[in-house]
Amino acid sequence: YLKISKVALAFAIIHSKPPGKSSREYAEHLAKTVSERDFGWKWKAEVLEAEVLRLRQELLLNRICPRFCLENRKPDTSAETLLVQESINPTSYLSQLEDSGCDVSSDSAFDSLDIVSDVHQSEHNVSTSKQWLEKVPPLNLCYNSKEQSLTAPVQFLKHLFEIKKLSEGGILQANFSELENDSFTICNSVSQLLDGLTVFYKSPKIPVSNFLTEAVCVLISLITDNKLSNHVLKKCFKKLEEFKKNLIQIILRRSSVNRFQELHSISRTLVLLGRNHLLRNSLISLLLPEVRQFAEQLLQAHQVQSVYNITQYENIFPLCIILERLLQNETEESNISSSDYEGEEKLKFLKNLDQIILHLSDEFPLFSLYLWRASVLLNSAQMQ
């Protein structure tokens with residue numbers, strides 16, 4: 001029956017083709033027309049799904065705190081305002097590509113993230129909170145770029161933080177147990193944020209915009225907040241794991257000449273993710289096999305005197321730096337047991353590592369030094 005249907009369709013196309021077109025061209029034209037219709041319906045479905053998520057976000061915020069009304073607000077320092085400002089005063093991207101790529105002048109944008117958790121733990125006076133409540137914009141769905149696609153989840157999560165601040169200050173009464181009753185909304189909002197950041201990091205624009213810095217700040221604040229992080233990690237741990245794996249692979253595979261600022265920004269995000277104890281342990285378990293595998297490949301290439309990939313060699317250093325920072329944080333927290341992250345990965349990493357360092361130390365002294373420092377931190381954690 002399927003063969004007969006295909007033959008009948010072929011005859012119908014041949015008989016109905018317009019003059020001047022071959023049967024193949026006409027068939028391709030029909031296929032393109034059908035696919036465009038499918039794309040149109042797909043786009044409409046995505047818009048409707050985004051609208052449903054936006055409404056669920058507003059409903060969830062209203063359930064958590066009924067007094068927190070999101071209508072008739074005047075936007076001020078919102079994510080939308082940041083985007084408008086950046087579109088009016090764009091930074092010249094080409095000027096950032098004139099050097100060799102070694103300049104990291106945009107470090108200050110990410111250095112500000114170091115204090116993000118401290119900022120959210122500090123006290124906010126009542127007048128400031130009330131002013132913010134009057135200025136907070138409504139959740140918005142409209143976006144045309146990968147940055148603007150993050151507007152809705154960033155605003156939603158910022159609203160959550162502000163409700164928490166106001167409730168702690170006694171201005172509002174909030175019931176955060178509602179997050180347990182609507183895991184769909186919180187999961188999809190965090191997933192949307194992580195997907196948007198992943199898209200950005202795959203083709204980043206340097207220097208990093210204020211809005212992307214704000215999005216990272218919101219993410220880090222979310223996973224380090226004592227009240228909200230439990231809800232997020234419980235529902236979104238797998239998505240966060242996927243996000244970390246994607247960032248690691250982006251670092252390893254980046255091959256553009258001017259990539260060092262890009263790698264630095266991704267590395268900063270991974271280090272900040274490590275502020276959460278559970279995410280730090282899983283991130284260490286992801287980094288250990290990557291660094292160990294590269295060390296073995298480099299040793300093999302060195303022993304047979306074969307050519308090694310210099311780009312991969314340069315890209316492994318950000319992972320080594322991240323690993324060292326995370327291990328330092330782990331050993332500094334005396335209340336955390338060294339057995340929290342996977343012991344199997346640690347044993348694999350340390351197995352015969354001294355011999356690998358010995359063979360690589362003359363030809364690759366810097367990489368050998370990073371391996372040795374990582375082994376010292378692992379062993380010191382084990383002795384605690």
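**Close-up 1. E58 and R54 both lie in helix 2 (residues 23-64), where they are 4 residues apart, about one turn of the helix.** Helices here are DSSP runs of H or I with at least four residues, and strands are runs of E with at least two, numbered from the N terminus. The model is a predicted one, in which local features need pLDDT of at least 70 and side-chain atom pairs count only at pLDDT 80 or more, while totals for chains, interfaces and linings use all residues. Residues are numbered from 1 along each chain as its sequence is written, and side-chain values use heavy atoms, with hydrogens and water left out. The side chains of E58 and R54 form a salt bridge of 2.9 Å, N to O, a term that stands for a side-chain nitrogen of Lys or Arg within 4 Å of a carboxyl oxygen of Asp or Glu. R54 is buried, with a relative accessible area of 14%, whereas E58 is partly exposed at 22%; buried means under 20% relative accessible area, exposed over 50%, and partly exposed in between (1.4 Å probe, protein chains only).

**Close-up 2. K164 and E168 are joined by a salt bridge in which the closest N and O atoms are 2.7 Å apart.** Both residues belong to helix 7 (residues 151-168), and they are 4 residues apart, about one turn of the helix. K164 is buried, with a relative accessible area of 8%, while E168 is exposed, with a value of 53%.

**Close-up 3. R373 and E324 form a salt bridge, with their closest N and O atoms 2.5 Å apart.** This pair links distant parts of the chain, since R373 is in helix 17 (residues 365-383) and E324 is in helix 14 (residues 310-332), 49 residues apart. R373 counts as partly exposed at 32% relative accessibility, whereas E324, at 8%, counts as buried. Elsewhere, salt bridges that share partners join E51, R54 and E58 into one network, and the count of salt bridges comes to 18.

Close-up 4. Most residues other than glycine have a negative phi.
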